[in-house]
Amino acid sequence: MDLYEHQARELFEEHGIVVPRAEVTDSPRQAREIARRLGGRVVVKAQVRTGGRGKAGGVGLAADPAAAELTARRILGMDIKGHTVGTVMLAQPVDIEEEFYVAYVLDRAAGCFLAIASAEGGMDIEEVAATRPEAVARVPVDPAEGVTSATAARIAEAAGLPPQTVDVLVRLWEVLVREDALLVEVNPLARTRDGRITALDGKVTLDDNATFRQARRGTEHSTHHDPLEAAAAAKGIDYVKLDGEVGIIGNGAGLVMSTLDVVAGCGARPANFLDIGGGASAQVMADGLSVVLSDPSVKSVLVNVFGGITACDAVADGIVRALDTVRLTKPLVVRLDGNNAARGRAVLDAYAHPLVEQATTMDGAAERAARLATTP
């Protein structure tokens, strides 16, 4: 369950993380009144469950209440990567001195959580991760131990973050654990000119299995404006539409996120995030492939699976059975590693589908899928 930014910031505030004052509306006229209450000058931000809002024109700085109304009128109804803007959030602007990036994400393949942090946050964090991966720290977190002050200090040091961020890193971990989240991300986490560490944006994904514990969040998060996301949600698939040409399927949020980074580093753009979780039955694979192949922008598909509890031969059998029910129209690159990987590869070799090929490494698979997607 992906939360809107304003829902994420409410969680942050509940857990003692500083956020700017803000209000949400679906009315340009109300935006004027909100701006007046917030002091006149405000940031107007589209509320959609996708990244890249700033570059798409979904974020604007309004100098006064009248400008806030005009900006809200312009943003409401916009289409941002297939998401129609139905509400905007108006927030008090802050004087930024530095911007950072911090996130916790579940890495099912490794059996732990992963802290991802960088001293170079902001709209270009994807470019930083692709061109200078050394600027992005990735620190495994033992779920049993969690993020103590000592662990947070280690994460901050690895990423080059100032000591003031340690308390925020601990509190963000509390958000993840107490709210049953699979992903907690802040970009940017800013140090203001008066020295405060403030979360200026937030992304939170809650575990669908904990819906009964998170009913207080309401049902707003269950609405999917993107038809592919709605179709995936109906099938119980964790899918997020992105603006690219390489379809991505993997098992484990951490592995899928790493796959997205590697594909981007190969010069292609991921078309989606799709996590099949710990199981890869024929039905799960069929549903996943069906959703990914329904995206007309997809030129190739990359399946990246690390076999753990689910063995790779079972995954391969799921892919074969899926291809008996789903018509494959795009090249499919499969990388299997881990438990029974050799047997899994043999299953796919024996199937010998003309559009299916295999790679033994994630880098090799990503490079091949990227080439297939970008070659005319």
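1. Asp 180 is found in the loop between α6 and β10. The phi of Asp 180 is positive, about 55°, although the residue is not a glycine. Asp 180 is also buried, at a relative accessible area of 15%. Burial classes run as follows: buried is under 20% relative accessible area, exposed is over 50%, and partly exposed is in between, with a 1.4 Å probe and protein chains only.

2. Basis of the values. This is a predicted model, in which local features need pLDDT of at least 70 and side-chain atom pairs count only at pLDDT 80 or more, while totals for chains, interfaces and linings use all residues. Residues are numbered from 1 along each chain as its sequence is written, and side-chain values use heavy atoms, with hydrogens and water left out.

3. Ala 352 sits in the loop between α11 (341-351) and β18 (356-359). Is Ala 352 buried or exposed? Ala 352 is exposed, with a relative accessible area of 54%. Asp 180, by contrast, is buried.

4. A cis peptide. The bond from Asn 187 to Pro 188 is cis, and its omega is near 5°. Pro 188 belongs to strand β10, which spans residues 181-192. For context, most peptide bonds are trans, and most residues other than glycine have a negative phi.

5. Salt bridges overall. How many salt bridges does a search of the whole structure find? The count is 21. The rule asks for a side-chain nitrogen of Lys or Arg within 4 Å of a carboxyl oxygen of Asp or Glu.

6. Glu 69 with Arg 32. Their side chains form a salt bridge, 2.5 Å from N to O. The pair joins distant parts of the chain: Glu 69 is in helix α3 (residues 65-75), Arg 32 is in helix α2 (residues 28-37), and 37 residues separate them. Glu 69 counts as buried, at 13% relative accessibility. Arg 32 is partly exposed, at 28%.

7. Asp 261 with Arg 138. This salt bridge has an N to O distance of 2.9 Å. It connects a helix to a strand: Asp 261 is in helix α8 (residues 253-265), and Arg 138 is in strand β9 (residues 136-141), 123 residues apart. Asp 261 is partly exposed at 35% relative accessibility. Arg 138 is partly exposed at 36%.

8. Arg 371 with Glu 367. The salt bridge is 3.1 Å, N to O. This pair lies within helix α12 (residues 362-374), four residues apart, about one turn of the helix. Arg 371 is partly exposed at 39% relative accessibility. Glu 367 is partly exposed at 42%.

9. A charged network. Which residues are linked in a network of salt bridges? They are Glu 5, Lys 45, Arg 53 and Asp 201.

10. Aromatic pairs. Rings of Phe, Tyr and Trp (its six-membered ring) pair if their centres lie within 6.5 Å; planes under 30 degrees apart are stacked, over 60 edge-to-face, and the rest tilted. The count comes to two aromatic pairs. Tyr 104 and Trp 173 are edge-to-face, because their planes stand at 80°, with ring centres 5.4 Å apart. Tyr 104 is in strand β7 (residues 96-107) and Trp 173 in helix α6 (residues 166-178), 69 residues apart. Tyr 104 is buried at 2% relative accessibility. Trp 173 is buried at 8%.

11. The other ring partner of Trp 173. Phe 113 and Trp 173 have ring centres 5.4 Å apart and planes at 90°, so this pair is edge-to-face. Phe 113 lies in strand β8 (residues 112-118) and Trp 173 in helix α6, so the contact ties together parts 60 residues apart in sequence. Phe 113 is buried, at 13% relative accessible area.

12. A charge over a ring. Arg 49 lies over the face of Tyr 4, at 3.9 Å from the ring centre. The rule needs NZ of Lys or CZ of Arg within 6 Å of the ring centre and within 35 degrees of the ring normal.

Definitions and conventions. Helices (H or I, at least four residues) and strands (E, at least two) are DSSP runs, numbered from the N terminus.
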